[in-house]
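Good morning. I have one structure to go through today, and I will keep to a few places in it. Please have a look at it first.

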2 protein chains.
Amino acid sequence: MKEGPDIVRIAALIGDPARANMLLALMGGTALTATELAHEAGITKQTASAHLGKLESGGLLRQRKQGRHRYFALADDDVAAVLEALLGFAATQGQLRTRPGPRDAAMRKARVCYHHLAGEMGIRLYTSLVSSGYLALTADGIEPTEEGRRFLVAFGVDMAELGRKKAPLCRECLDWSERRSHLGGSVGRALLQRFQDLGWARQVAQSRAVLFSPSGEAAFRKTFPVD
Amino acid sequence: MKEGPDIVRIAALIGDPARANMLLALMGGTALTATELAHEAGITKQTASAHLGKLESGGLLRQRKQGRHRYFALADDDVAAVLEALLGFAATQGQLRTRPGPRDAAMRKARVCYHHLAGEMGIRLYTSLVSSGYLALTADGIEPTEEGRRFLVAFGVDMAELGRKKAPLCRECLDWSERRSHLGGSVGRALLQRFQDLGWARQVAQSRAVLFSPSGEAAFRKTFPVD
DNA sequence: AACATGGTTCGATCCTGATCGAACCATAAG
DNA sequence: CTTATGGTTCGATCAGGATCGAACCATGTT
């Protein structure tokens, strides 16, 4: 009716319990098959199929068929950003759907936000990088400084490779549990990958939670100090 | 069903055409009465009343009764942030609801994003402040530097007053037309107010568009240069 | 007091859209 | 080829919710 982009379409797509559950399940970053998503949302395959079709044509999901399976993933980092924004606002309302349990505690400590690290540990990573002078604000957004680039390369991040892609290196992402920004973008993604490669952390199956080993957490805290 | 904040409730509230139109109308920052909103959404007073009730109990709107009128406004800057996030994503989909017209052009150039400046001019303001070293990244988010504070005070912003409030001074806000960040927060709000007080710009009635006078725009460009 | 205007409540209607059963297609495994 | 599993299509059902007409309350104006 009025001017501007069609926000209703998007919001309505997210505003259905079944679809929202699917989307949240995909926030973990791993692609899931249609039946897995159906189970996740607690509905039958048929309805799931219909929902997935709508989500895909709405531009929220990307689909890849592999053999007789159909793997779904979020279409874009932008989609994850929208979901996090909604999560963030909903969290301020205090409208939690379930009581915070132990699993919730793990999520608050460290979880994967699409492909980068979020939660308490994610915030620590971000603030440490900022206060060390490794990240700075430029006219193009947040960028690693020269020292930051050197640090990242030394830590094992292939900055040359990341630079070739057109995706933004850094990206602020509002953390719904901490109400602070954490680091997204290709650098955030590469760092989480590196943590896993180093054996510091692993992603809990069927969940967004990320579990650090004791030695991994110690190394993490040493590498990313906070005053 | 699953863990996390209740995102469905919020999304479903936004995912109705009538309600979305009301919310977008309120993005202008000026509070509107129930009947004005009803007219804006193209529905009768009764249905508007029902919608407004839901939006309020959903935490998206704030209500203030004044005489026999009932003025509605967005509950919070957070709500505006969510809406902008949705607008931003919807814009990438290219799903515009109407063809871009002259009014749209004005909106792209300068518009009000809740209470701060957005659009081309908003981006210019932001990048100018950043490249002048007036804004920098800290562990607490984006903050004015010492030089930045001096500059803002000299420009007529009462920084002491802003510091007393608990609202964040600066806040990045994703601009849906430019796909870049612009400046929100109490500083962004104060700057827009200052532009209006100086007679540089005024808000177009019934719209989010902001119109700069020729001399105002010249002064703006001189005060906030971009290399 | 009479009237007008802003808003709400109630009830009835009506339609979109979520859901599932059943049948059907596609791919892989035996 | 037969069988199992992943996924879609079709049709029917059903519920929630958006909508409005009508009546009603509240506050201001003449």
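Of the 20 residues around DNA strand C, the ones that come nearest are Gln46(A), His51(A), Lys54(A), Thr35(B) and Ser49(B). Before I go on, please keep in mind that this is a predicted model.

Which elements make up this surface? In chain A, α2 (17-26) and α4 (45-57) each supply at least two residues, and so do α3 (34-41), α4 and β3 (69-74) in chain B. The largest share, four residues, comes from α4(A). By type, the residues of this surface are three nonpolar, 10 polar and seven charged.

In chain A, an N or O atom in the side chain of His51(A) is 2.5 Å from a phosphate oxygen of DNA strand C. In chain B, the side chain of Ser49(B) has an N or O atom 2.8 Å from a phosphate oxygen of DNA strand C.

Next, two helix pairs in chain B.

The crossing of α2(B) and α4(B) is right-handed. Which residues meet there? From α2(B) they are Ala18(B), Arg19(B), Met22(B) and Leu23(B), and from α4(B) they are Ala48(B), His51(B), Leu52(B), Lys54(B) and Leu55(B). The residues of this contact are six nonpolar, one polar and two charged.

The second pair is α7(B), residues 120-131, and α11(B), residues 214-223. The axes of these helices also come within 10 Å, and they cross at roughly 25°. Angles under 35 degrees count as roughly parallel, and therefore α7(B) and α11(B) are roughly parallel to each other. Met121(B), Arg124(B) and Leu125(B) of α7(B) meet Glu217(B), Phe220(B) and Arg221(B) of α11(B). The residues of that contact are three nonpolar, no polar and three charged.

That is everything I have for today.

Methods:
Residues numbered from 1 in each chain as written. Chains lettered and ligands numbered in written order. Predicted model: local features only at pLDDT ≥ 70, side-chain atom pairs only at ≥ 80, totals over all residues. Heavy atoms only, no water. Left-handed = near helix turned anticlockwise from the far one by under 90°. Contact = heavy atoms within 4.5 Å. Nonpolar A, V, L, I, M, F, W, Y, C, P; charged D, E, K, R; others polar. Near = heavy atom within 4 Å. Polar contact = N/O pair within 3.5 Å; in protein donor to acceptor, adjacent residues only side chain to side chain. Axes fitted to C-alpha atoms, helices over the stretch in contact; angles between N-to-C directions. Parallel < 35°, antiparallel > 145°, perpendicular 65-115°, else oblique.
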